[in-house]
Amino acid sequence: MSAPEIVHLEYESFSAIPPRPDGFTRFICLSDSHGSTYPVPGCSEDILLHSGDLTNIGTLEEFEDVIKWLSELPHKFKIIIAGNHDLSLDLGWYSSDDWVEFFADKEQVPVESVRDLVLGQKARDAGIIYLQNERVSITDYARKQWLVYGTPYSVEFGPWAFGYSTVSAPDFVAQYPFSDILLSHGPPKNIFDKTINGETVGCQALAERLKILRPRLSVFGHIHEDHGAAIHSWISGADLPHYHGFGMQDDAREVLENLPQQVTLEGPPHGTERTVFVNAANQRMGLAARYPNITDEEYGGPRFRPVVVDLKH
């Protein structure tokens, strides 16, 4: 019997990824592409999820490039959200004092043109679905329906867009509805949220909300250096454990030195409800990016691969 959740976290090449098992849907998880383009695995039957920071500062040219890239990928559905770097999609922030104070040397772009790129007919025809605090239902190749909720917000992180304060966080995340897949830019507290300075900067309120929502899949990014995935079994009344990526372990150098080229996670065949947590950031950063130095790929290379998640119907 196949495990109901299979996660392909590390692989030598796309051809090394095992085929999707019968009765499963495959999700290709990306995040933090920051205006760059790179090869992505998958086919038309797979569903692509992008957890934001599509661009560096939200210029029209950056959005034109990323939408062209996404449009040319074969996946029938490409569900995307913004992140704190996608400045021009946060209309309130874009006209705020933060823009004036921190980005006054940058030329603002016509926000209508940016929104048309992500929401217009050409994007829809290419299968691109942009979510901003919205839930959508999609039907996959096997006629299985999936509810996906997407939010570009994260706990305030410097003078950037789409932020909420720790004070307002409980009320903000209380709006997140039940869904099969939660797509957020920021991580929950202590789940792939550790920075190169050793701080855990995820949202505690989101971690608490996830105990109630228990989606099949929670995908985020934002903290590049803590790229990783885990399959979590929910136990009533228990606190969430801390999950961190290969480069953020206490013995990270030893872990990285001995990391195999193929890393696959599988959930148990039976048992409690489970959530697959994925920090899908693809821009290399931190110890995992430089020790030992095995690649020059800036995006989507070893230890920062697009994460492939197979979920049983």
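**Exercise 1. Is phenylalanine 162 buried, partly exposed or exposed, and what is its relative accessible area?**

Solution. 
Step 1. The structure is a predicted model.
Step 2. Phenylalanine 162 has a relative accessible area of 1%. Buried means under 20%, so phenylalanine 162 is buried.
Step 3. Its place in the chain is the loop between β8 (154–155) and β9 (163–164).
Step 4. The backbone of phenylalanine 162 has a positive phi of about 50°, although the residue is not a glycine.

**Exercise 2. With which residues does lysine 211 form salt bridges?**

Solution. 
Step 1. One partner is glutamate 208, with the closest N and O atoms 3.4 Å apart. Lysine 211 and glutamate 208 both lie in helix α7, 3 residues apart, which is about one turn of the helix.
Step 2. Aspartate 239 is also a partner, with an N to O distance of 3.5 Å. This pair joins distant parts of the chain: lysine 211 is in helix α7, while aspartate 239 is in the loop between β12 (228–233) and α8 (252–257), 28 residues apart.
Step 3. Now compare each value with the cut-offs: buried is under 20%, exposed is over 50%, and partly exposed is in between. Lysine 211, at 22%, is partly exposed. Glutamate 208, at 37%, is partly exposed. Aspartate 239, at 62%, is exposed.

**Exercise 3. Which residues of α7 are buried, and what covers them?**

Solution. 
Step 1. The buried residues in α7 are Ala205, Leu206, Ala207, Arg209, Leu210 and Leu213.
Step 2. Their cover includes α6 (169–173), β10, β11 (217–220) and β14.
Step 3. After α7 comes arginine 214, with a positive phi near 45°.

**Exercise 4. Which side chain of opposite charge is nearest to lysine 194, and how far away is it?**

Solution. 
Step 1. Lysine 194 sits in the loop between β10 (181–184) and α7 (204–213).
Step 2. The nearest side chain of opposite charge is that of aspartate 250, 4.7 Å away. The cut-off for a salt bridge is within 4 Å, so lysine 194 has no salt bridge, yet it is buried.
Step 3. Leaving out residues up to four places away in sequence, lysine 194 touches Glu199, Thr200, Ile223, Glu225, Asp226, His244 and Met248.

**Exercise 5. Where is arginine 135, and what does it touch?**

Solution. 
Step 1. Arginine 135 is part of strand β6 (residues 134–139).
Step 2. Its relative accessible area is 44%, so arginine 135 is partly exposed.
Step 3. Not counting residues up to four places away in sequence, arginine 135 touches Leu147, Val148, Tyr149, Pro177, Phe178 and Ser179.
Step 4. Glutamate 112 is 23 residues from arginine 135 along the chain, and their C-alpha atoms are separated by 22 Å.

**Exercise 6. Which residues form the patch of negative charge on the surface?**

Solution. 
Step 1. Glu61, Glu64, Asp65 and Glu107 gather in this patch.
Step 2. Take glutamate 107 as one of them. It is in the loop between α3 (97–102) and α4 (111–119).
Step 3. With a relative accessible area of 71%, glutamate 107 is exposed.

**Exercise 7. Which peptide bond is cis between tyrosine 291 and proline 292, and what is omega near?**

Solution. 
Step 1. The bond from tyrosine 291 to proline 292 is cis, with omega near -25°.
Step 2. Proline 292 lies in the loop between α9 (287–290) and β15 (307–312).

Conventions:
Residues are numbered from 1 along each chain as its sequence is written. This is a predicted model: local features need pLDDT of at least 70, side-chain atom pairs count only at pLDDT 80 or more; totals for chains, interfaces and linings use all residues. Side-chain values use heavy atoms; hydrogens and water are left out. Patches are made of residues with over 30% relative accessible area and no salt bridge: like charges are joined within 9 Å, nonpolar side chains (Val, Leu, Ile, Met, Phe, Trp, Tyr) within 5 Å. Accessible areas come from the Shrake-Rupley method with a 1.4 Å probe; for residues, only the protein chains shown count as cover. Lys and Arg count as positive and Asp and Glu as negative; His and the chain ends are not counted. The place of a charge is taken as NZ of Lys, CZ of Arg, CG of Asp or CD of Glu. Helices (H or I, at least four residues) and strands (E, at least two) are DSSP runs, numbered from the N terminus. Buried means under 20% relative accessible area, exposed over 50%, partly exposed in between (1.4 Å probe, protein chains only). Contact means heavy atoms within 4.5 Å.
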